[in-house]
Structures are given as C-alpha cells and as structure tokens.
Amino acid sequence: MIKPFLKSVAMAFSLASSAVFALPVDLGNAGDYTLLATGTSVWHGQPMYGNLELGSEAEIFGNVGVRNTLNMAHGSVIHGDADFGSLTQNPGASIEGAAGVEGAAFWDALYSDVKNASQTAKALGGVNRGYINSTQTFERQGDVSVFDIAGLNLTAGSSLTLKGTANDVFIVNVDYFGFMLGGGAAILLDGVAAKNVLFNMHGVLNAGHVNVAAGTMQGTYIAPDAYMQLGDGLNLDGVRFLGAGISGNLQTVYGITPPVVNVPEPAGLLLIGFGLLGLGLVHSRQR
C-alpha cells in the first residue's frame with residue numbers, strides 16, 4: 001500500500017515547514033533540565049553551591065539536576081527525572097521519573113555546557129540598553145535580537161517586555177549589576193515563544209547571587225557561576241533555570257521543551273520527501 005509512504009512524505013513536509021529559527025546558543029545536555037544546579041569551581045578549585053532546595057509546595061514539570069544535595073521538602077513533586085549527588089527526600093515528596101546518582105565528571109560536563117553557552121551568548125554582541133530599573137519594552141531587531149544590559153533591577157509592578165513574533169529569538173546579556181526582580185515584577189513575552197528567549201547572567205555580581213521574588217517569568221535563564229534564589233509566588237510557565245545553585249520556594253513550574261540547535265535544511269527534507277514518494281509509487285506498481 002502507498003499510504004505509509006504518503007504518511008512519511010507528509011511528515012517530511014511537516015518537518016520542512018517547522019525548520020525555523022532556534023536559539024543560536026548550544027546548551028548541550030544542560031538544556032535537558034528545567035532546574036539545574038551544576039556547582040562551580042571558582043573557589044580554590046573546589047565546587048561551590050551545587051545544591052537545590054525545593055519547598056513543600058514545589059511541583060516541577062521537567063527534569064532536575066543537582067551536583068550535591070537535592071533537598072525535597074514534604075509534599076514537593078518532580079514530574080520528570082532527577083539526577084543528583086545525594087538526595088534528602090522528606091515524607092510525602094516524590095520523583096515520578098528516573099532517579100540516579102551521578103559523579104563529578106558528569107556535573108563538570110554540565111557546568112561546561114552552561115559556561116560555554118554563556119560565553120557564546122555574550123560574544124554575540126547586541127544593542128546596549130544600559131541599566132534597566134523601570135518598565136521597558138525590547139522590540140525585535142531581526143530574526144535574532146541581542147540586547148546587552150548593565151543590570152536589571154525591577155521592583156513590584158515593573159516589567160520588561162520582549163515584543164516580536166513566535167519565530168523571533170531574543171537574547172539578553174546581563175552584565176555587572178546583576179539580576180533582581182522584586183515582588184510582582186515581570187518578564188513578559190508579547191508574541192515571542194518562551195523557547196526562543198535566553199537571559200544570560202554573566203557579570204561579576206551574577207557570579208554570586210541572582211534574586212527573584214514573586215512575579216512572572218518565561219524563557220531560559222543561565223548563570224553558570226551564580227546562586228539563584230527563586231521566591232514564593234512566582235508564575236513560571238515555560239521556564240528553565242540553569243545555574244550553580246538554586247533555592248526555590250516554588251509552586252508549579254512548567255519547563256521548556258529543549259530548543260533544536262542544528263536545524264535540518266528544509267531543501268534536504270523536501271528531497272527526502274520526494275524520494276519516499278517515488279519509492280511508494282514504485283512499490284505500488286510492483287504489486
């Protein structure tokens with residue numbers, strides 16, 4: 001029958017039509033995680049941080065990775081896999097996917113993935129928007145929009161909006177003055193897909209602390225040498241936090257499907273589709 005072949009052709013055309021822009025920054029295996037605490041070896045050669053604290057109301061829809069101790073309070077749930085150095089799982093806490101202990105080499109590789117991604121994003125260069133401490137909107141500058149800011153410090157009621165289309169990529173490099181959101185502050189996406197947004201915290205103060213209180217966030221947030229403190233009441237639908245350590249008094253967290261870095265050429269996929277169609281026709285005539 002020709003139907004299976006036509007189905008394969010349809011899949012090839014579908015892949016061709018969906019082969020659009022993705023993040024031009026390779027997160028490597030780190031991109032498989034929704035919450036990742038890799039630790040960092042910047043202090044006398046010894047890994048710092050590398051712990052993850054989940055509060056009692058945390059419900060994580062995605063994979064979790066923790067170099068040292070994954071501490072799950074009573075009632076916390078991970079709807080995905082969990083990798084860790086050690087596990088403190090209080091009564092009523094659960095991991096629904098696979099759970100496994102990993103060694104130093106595993107975590108060193110993930111740290112390198114995040115660090116390399118951070119350096120790649122920083123090297124892209126972009127529009128300098130200075131220090132952000134009030135409500136602002138960043139509009140698309142092309143298929144890939146890169147913005148460099150000295151720091152971000154938004155208080156309650158303030159927001160940073162990224163405005164574009166579903167295929168646009170936004171990369172925001174955060175330098176010296178750090179990344180802080182006060183209670184009720186928000187990172188908002190106007191037409192932009194969460195999987196195509198990357199905040200790269202690479203500056204000096206980011207090497208110590210990233211502090212986020214209640215508010216709204218979407219996108220991927222990387223800080224290879226920072227401790228991320230994620231506060232109570234955050235609205236996190238379509239996020240990924242990849243840092244050296246995380247403390248999260250979180251509620252419900254929905255992760256991002258890992259973005260594709262190496263996108264197949266549409267022309268190649270079309271050729272495959274036509275080839276499958278030809279094979280189907282030959283197969284049909286021979287029956």
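Author: What follows starts with the model as a whole, turns to the helix and its surroundings, and ends with the strand that leads on from there.

This is a predicted model, in which local features need a pLDDT of at least 70 and side-chain atom pairs count only at pLDDT 80 or more, while totals for chains, interfaces and linings use all residues. Residues are numbered from 1 along each chain as its sequence is written, and side-chain values use heavy atoms, with hydrogens and water left out.

The protein chain has three helices and 22 strands, where helices (H or I, at least four residues) and strands (E, at least two) are DSSP runs numbered from the N terminus. Buried residues make up 43% of its 287 residues; buried means under 20% relative accessible area, exposed over 50%, and partly exposed in between, with a 1.4 Å probe and protein chains only. Among contacts (heavy atoms within 4.5 Å) between residues at least 6 apart in sequence, 54% join residues at least 24 apart.

As for confidence, pLDDT, the predictor's confidence in each residue from 0 to 100, averages 83 over the protein chain, and 78% of the residues score at least 70. The lowest mean, 39, belongs to helix α1 (residues 3-18), and the highest, 98, to strand β12 (residues 136-139). Two stretches stay under 50: residues 1-21, for which the model has 31 contacts beyond four places in sequence, and residues 259-272, for which it has 20 such contacts. Where pLDDT is low, the predicted coordinates should not be read in detail.

Now to the helix itself. Helix α2 (residues 104-123) has 20 residues and reaches 28 Å from its first C-alpha to its last, close to the 28 Å expected at 1.5 Å a residue; the expected span is 1.5 Å times one less than the number of residues. Its buried residues are W107, L110, Y111, D113, V114, A117, S118 and A121. They lie on the same side of α2 because they cover an arc of only 150° around the axis, the arc being that of the directions from the helix axis to the C-beta atoms. The face turned away from this buried side carries the exposed residues A105 and A123. After the helix comes G125, whose phi is positive, near 70°.

T38 is found in the loop between β1 (35-37) and β2 (40-43) and is buried, with a relative accessible area of 0%. P224 lies in strand β20 and counts as buried at 3% relative accessibility. P224 and S118 are 106 residues apart in sequence, yet their C-alpha atoms are 7.4 Å apart in space.

Of the 52 residues in the largest nonpolar core, L54, L70, F179, F199, M217, F241 and L250 touch the most other members; a nonpolar core is a set of buried Ala, Val, Leu, Ile, Met, Phe, Trp, Tyr and Cys residues joined through side-chain atoms within 4.5 Å. β20 gives the most to this core, with six residues. A second, separate core of 17 residues includes A30, V146, L198 and I222. In soluble globular proteins, nonpolar side chains tend to be buried together. Beyond four places in sequence, F241 has contacts that include M217, Y221, M228 and L230, as well as T34, L35 and L36.

Q218, also in β20 (residues 215-230), is partly exposed, with a relative accessible area of 25%. Leaving out residues up to four places away, its contacts are I187, L189, A194, V197, D237, G238 and V239. A polar atom of the Q218 side chain lies 3.0 Å from the backbone oxygen of D237. V197, 21 residues from Q218 in sequence, is 7.8 Å away from C-alpha to C-alpha.

Terms used
A polar contact is a pair of N or O atoms within 3.5 Å; within protein, one must be able to donate a hydrogen and the other to accept it, and residues adjacent in sequence count only if both atoms are side-chain atoms.
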